Amino acid sequence: MLLPKHVVVINDSPTRQSVLIESLSALGWSTECYRSLYSANDVLLRSKPGGIAIIIVEELVSTPLKDVENFICNKKMVWLGVISDEQHDNSHARHIVRLLNGVFRLPLTDNRLSNLLDYAYGQAMIKASISNIDRINVNGIMLRSCIPEVKHIFRLIHRVADSRAAVMILGESGTGKELVSRAIHDLSMRATGPFVALNCGSLANELIQSELFGHEKGAFTGATRQRIGHIEAASGGTLFLDEIGDLSTPLQVNLLRFLETHSIQRLSSSQEISVDVRIVSATHVDLEQAVEQGRFRLDLLHRLNTVIIHLPPLRQRKADIELIANQIFEDLSSRYPCKARGFHRDTIALMKSYHWPGNIREMLNRIKSAMLLCDGKLILPDKLNIEHIPRANSGNSLNEIKSQAERRLLTSVLRKNENNIARSAKEMGVSRVTFYRLAKKHNIIHRGDDQKKTM
Ligand SMILES: Nc1ncnc2c1ncn2[C@@H]1O[C@H](COP(=O)(O)OP(=O)(O)OP(=O)(O)O)[C@@H](O)[C@H]1O
């Protein structure tokens, strides 16, 4: 399907508008004009399936950033901006520029206009062709779904990918948050840049400061040489901050400063280093509650959650269970030798009735070991080693049932693995950090146990 050569112009100045319209029509483009983002909002939201929009950045410097971000990120449009050299030094304008797909520096020549519009047209065609997407390929792993809400998430991933908006991914452990952040990176114009992941919950506070910002030689005992941090290492690409809710308050301040200034100082250095990084963060904790309890800064939360992607737990994706299980099976059988050709229908039924506390990671691990153990043509239910399915009719609330099942599972897995946390976490299909957190929540390991066990 070819898109019409049509541009939406959002511009408050009649003089500039007429110059722009004249240039655009000389290049064969029709135009549609709005005085502000707000006046364009309703119309674009209702009627435009996609296309190209040009905004004058200078006119948005008094519009709250959050409004600009929400507007730009939630549309299927390709966004171009016009900016003057003076505005380029304005931090608000610079932030807006980061959200756009392309920028014209003034003076605007017909040649430049034509080149950028050709590029934007290609982008708009790609966006239009993915409006019905129901799968995303991430490094060979195909994210698929037949559930409308999840397909909507896939479309959102495509839409936000090429903006620079900060994305926050919410969801239980093992639901695929890191994979989705990788998808955002791979689909973005930063795909050729680095993708750097850091788990904020897995490092001690003293370490994480230097992991994030880097340090100079001699910054602390043991700092025998200069080292760049994860933020700098992700320059030109994407930084994935997992378990962002575990970041200590002083580090929240430092991270906020970076998000506002786009520059960092290595530990023990006074030099400001400007870094262009797109931040994607993830958490399994309720950050709004953490804000209410004073454990997380509201201003940081607002900086990080311009776009929120909520990944549902596997138990709420019953209709996808067979699809994902087959997907994992095909993927694994192409890499490891396996006699089985697929799952017995009772195995699929069992998978559909199981509550998957470790979500897709747990499914992956269970299928992997079932494939190793399987000696027939079909994987039978017992090979999944799912021992207990909580009954829903005990009269308890759903949360109580879930909590009891979680506790039972943790206890039995720990016992089976002789209290070895690393092995237990692996068997449950969760990270060690998650396992440790859950075990502490249920009071099944005590302070010091974690140091004794092999991590
Ligand atoms: N749709 C999928 N199909 C196949 N494998 C998947 C899918 N989604 C996730 N996985 C795999 O499941 C595992 C867990 O995914 P991921 O690490 O992205 O989850 P997470 O939500 O970030 O977990 P955590 O919160 O514990 O860090 C990974 O090995 C990933 O490759």
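**Core, sheet and helices**

In this predicted model, I157 touches I136, V180, A183, I184, L187 and I309, leaving aside residues up to four places away in sequence. I157 is also among the residues with the most contacts inside the largest nonpolar core, which has 44 residues.

Nonpolar cores
- Besides I157, the residues with the most contacts inside the largest core are V167, I169, I184, I231 and I309.
- Helix α6 (residues 148-161) supplies the largest share of this core, five residues.
- Another core, of 33 residues, lies apart from it and includes L20, A40, V57 and L113.
- In soluble globular proteins, nonpolar side chains tend to be buried together.

The five-stranded sheet
- Five strands form an open sheet in the order β9-β10-β13-β8-β14, and their pairing is parallel.
- The edges are β9 (195-199) and β14 (307-310); each has a single partner strand, so one side of each has no neighbour in the sheet.
- On average, neighbouring strands of this sheet are turned by 20 degrees against each other, direction ignored.
- Four bridges join β8 (residues 167-170) and β13 (residues 278-283) in the parallel sense, and V167 has V280 in β13 as its bridge partner.
- Helix α7 (residues 177-186) packs on the sheet and touches β8, β9, β10 (238-242), β13 and β14.
- The direction of α7 makes about 165 degrees with that of β10.

Helix α10
- Helix α10 (residues 249-261) has 13 residues and reaches 19 Å from its first C-alpha to its last, close to the expected 18 Å.

Definitions and conventions:
Residues numbered from 1 in each chain as written. Predicted model: local features only at pLDDT ≥ 70, side-chain atom pairs only at ≥ 80, totals over all residues. Core = buried A, V, L, I, M, F, W, Y, C linked by C-beta atoms within 7 Å. Buried ≥ 20, exposed ≤ 12 C-beta atoms within 10 Å, placed from the backbone. Helix = DSSP H or I, 4+ residues; strand = E, 2+ residues; numbered from the N terminus. Contact = placed C-beta atoms within 7 Å. Expected span 1.5 Å × (residues − 1). Pairing = 2+ DSSP bridges. Axes fitted to C-alpha atoms, helices over the stretch in contact; angles between N-to-C directions.
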